[in-house]
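The following paragraphs lead the reader through a protein model. Please keep the sequence and the three-dimensional view at hand while reading.

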Amino acid sequence: MMRGFFLWLLAILAGLACAIGVLAWLNPVEGPGSEAAAAELSVSIEGTLDGSRDGIRFSGVTLAINDQPVDVDTRGRFSAKVPLAPYYRLDIGGQGIFPMVQTFGNAELKGTDCDCLAIPAVELVAKKPGRIELFFGGDSMAGRRYFHMGLRDEPVLDHDTLDDDLDKLFVHMKPYFGPSDFASVNLESTVASMVPGEPAPKKYKFFSPPELVAAMKRAGIDHVSLGNNHVADYRDIGMKTTMRAIRAARLETSGGGMNITQAEKAARVKVGDTPLAFYGFVGWRGDWTPDQVATPTKGGAAWGTKDAIERVTRRELAAGYVPVMEYHGNMEYKDRPSELSLPRFRMAVDLGAPLVVGHHPHVTHGLEIYKGALIAHSLGNFLFDQDHPHTHSTYALKVWLENGKFLRAEVIPLQMLDYRPVPAVGGMRESVLRRVFWLSEEMGTNLALSGGHAAVWRENPPQGNNGCRQPSPAFGPFTLAGLAPSCGDRASEYGRNIIPRGDFSNTMMGVAQDRYWKASNAKVFLRQTPEAEGYLEVEPLAAHKSFYLHPASYIRDIYATRFTYQARVKLPHDADIELIIRDKPPEGARPTLSILGESMETKRFHATGDWQTIKFDFWLPPAPEPRLPPGPSGAAHPFRPILRIKYTGPLRSEGFTTLFDDVELIEWPPEAAQRDRPRAWWFTHRRQRSKGRVAAR
């Protein structure tokens, strides 16, 4: 009997050991001990602060990495050992300089010259008489999906905890704009505690709670532009509730009002010793009645006609103010300024504005140095609930003026994570930087890397930017040291990864969590190893049935018809993996299951106990005209890639979770795009040119 008991006990212990081993393989950081394990690890970080342009002395400069003070030598160099973490925030301050903040991830800092994380040189700006720092964020609202995420997700905002929830929306960006002398965003929403009244006869209508503008003020935002196409979504009654909430929050505002006089009134402020006039416009009237622009007897946004731009700009100059124009124009989701907006942006500069800031496309445009002034044609989103993945790679902008003239600008790469603005690292930073370098170079603007940001000075000198580099044909994490345009090679063709968040390096920050990846017949979990590297777990609900992994929304920024889908996977069992492509249904189509689509290919993979690569090459036909923006004519229709995984053979009773990392969808655009010189910044991948074509569907 005792022998039977011991055998039973040994079996139980063996089973526990096996289970623990399996759990460790599946989820190496799950449980409360994971943070302690990571805290025991440390990493060396090296870098340089660059003060050469302004002759900055480093004796008074302070530096902290994740709140740990770090010494800076007389040449701006620093080296420190800090606890390993998913992110490293540099806070740079001290007398005589403008405070700076930058945030980095692990993989993007790995260099080849040292066993450390190497931060590219961060350029400092000296405080001098007449210099001021301004901060700009793009399209902002906090309604709609912030409160109603659908059946499978918790809402971002709750009316019972609204003030606290709203403060959390800004917590990761507050260190960036809080120290600025003046901060402005585009408030693209009516403000009201409930639907304020009869809406305008238009498809998309927004309203955000009054607590939003109070939270903006608490966070350090000073001004909101109302010159946009959503401030009048609820006609005059909505304009009244909006203006009332802004006044109660003591925010400066311009660009909208109860009549044209109020809408065209500039926000006149003194920033340092510089008198500034901020004024805003919307670029079109709207084809509904009543439309969205203010008149002598109706509220709305200021309409930015050429006459209005000239009238307001000259008026502010004559009153002794430096004019700063914010303009809500251009076409949604397009890459470049429109033929209508471009001359209006430049007109403000011709009249004397040193700075013009644009928004509305929901995606970013390039920077233009025009006659010594700066035009930021589109900042993209800053605080917005859009699901389109290409709107999630965005940026904020810092601008320095000197004696009322443009001096310097710095692009701060952001991503919309859980509809919240957070610093972008890894693949998301790469997506932001490659796009802004490409589109700025098209306009003759020479950006330079400053740490993980992009900077330009009024003089706009040519930049070396590490020459050119050949993108790797294999997997490899993005590194800031390798950011450069592709060199071009007739034997190679170049592609762009259009799923930049598949490296899972920027998926969790505070309470913000990536919601991009969805599963059917399975659950998904974002995980991190003790080495602070991210990956995705997909756990089937029933191991003997197929389960599916796919993005939450359709991919729309498409420029090609040839693609490669690849990823690293760790399989617990042999599996058949199928790639399915689902075209975006036409507007008003009858809903169908999200996993239905056309099969591209099925491949069998064996469980090796280690990471292995899956890869599918496929071709899609050009979309029929007219296609959805923003892709060009001749590109594929917007689509969603879906992976179907089905375990094969006899299944063990333990371990059914598949791990994913480095998920990439690479498009291979036509040769003309590959030979376009500015677009060389765009490419992330390279492969040998083939005369054949992969199978069409």
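An open sheet is formed by five strands, in the order 31-34-39-36-37, with antiparallel pairing. Helices (H or I, at least four residues) and strands (E, at least two) are DSSP runs numbered from the N terminus, and two strands pair if DSSP finds at least two bridges between them. Because strand 31 (517-520) and strand 37 (598-605) stand at the edges with a single partner strand each, one side of each is left without a neighbour in the sheet. From one strand to the next, the twist averages 20 degrees; angles run from 0 to 180 degrees between N-to-C directions, and axes are lines fitted to C-alpha atoms, for helices over the stretch in contact. Four bridges pair strand 31 with strand 34 (residues 547-551) in the antiparallel sense, and serine 520 stands opposite tyrosine 548 in strand 34.

The model is predicted: local features need pLDDT of at least 70, side-chain atom pairs count only at pLDDT 80 or more, and totals for chains, interfaces and linings use all residues. Residues are numbered from 1 along each chain as its sequence is written, and side-chain values use heavy atoms, with hydrogens and water left out.

A second open sheet has six strands in the order 15-16-18-19-21-20, and its pairing is mixed. Its edges are strand 15 (267-271) and strand 20 (367-370); each has a single partner strand, so one side of each lacks a neighbour in the sheet. Here the twist averages 20 degrees from one strand to the next. Strand 20 runs antiparallel to strand 21 (residues 373-376), joined by four bridges, and tyrosine 370 stands opposite alanine 373 in strand 21. Helix 8 packs on this sheet and touches strand 15, strand 16 and strand 18, its direction making about 170 degrees with that of strand 16; contact means heavy atoms within 4.5 Å. Helix 9 also packs on the sheet, touching strand 18, strand 19 (355-359), strand 20 and strand 21, and its direction makes about 170 degrees with that of strand 18.

How do these two helices meet? The axes of helix 8 (residues 306-318) and helix 9 (residues 341-351) come within 10 Å and cross at roughly 25 degrees. The two helices are therefore roughly parallel to each other (angles under 35 degrees count as roughly parallel, over 145 as roughly antiparallel, 65 to 115 as roughly perpendicular and the rest as oblique). On the helix 8 side, Lys306, Ile309, Glu310, Thr313, Arg314 and Leu317 meet Arg344, Met347, Ala348 and Leu351 in helix 9.

Some features of the backbone also deserve attention. Most residues other than glycine have a negative phi, and most peptide bonds are trans. Threonine 289 and proline 290 are joined by a cis peptide bond, with omega about -5 degrees; proline 290 lies in the loop between strand 16 (274-282) and strand 17 (300-301). Tyrosine 333, in the loop between strand 18 (322-328) and helix 9, has a positive phi near 65 degrees. Asparagine 403, in the loop between strand 23 (393-402) and strand 24 (405-417), has a positive phi near 55 degrees. Tyrosine 333 is buried, with a relative accessible area of 8%, whereas asparagine 403 counts as exposed at 59% relative accessibility (buried means under 20% relative accessible area, exposed over 50%, partly exposed in between, with a 1.4 Å probe and protein chains only).

Just after helix 10, glycine 444 takes a positive phi of about 80 degrees.
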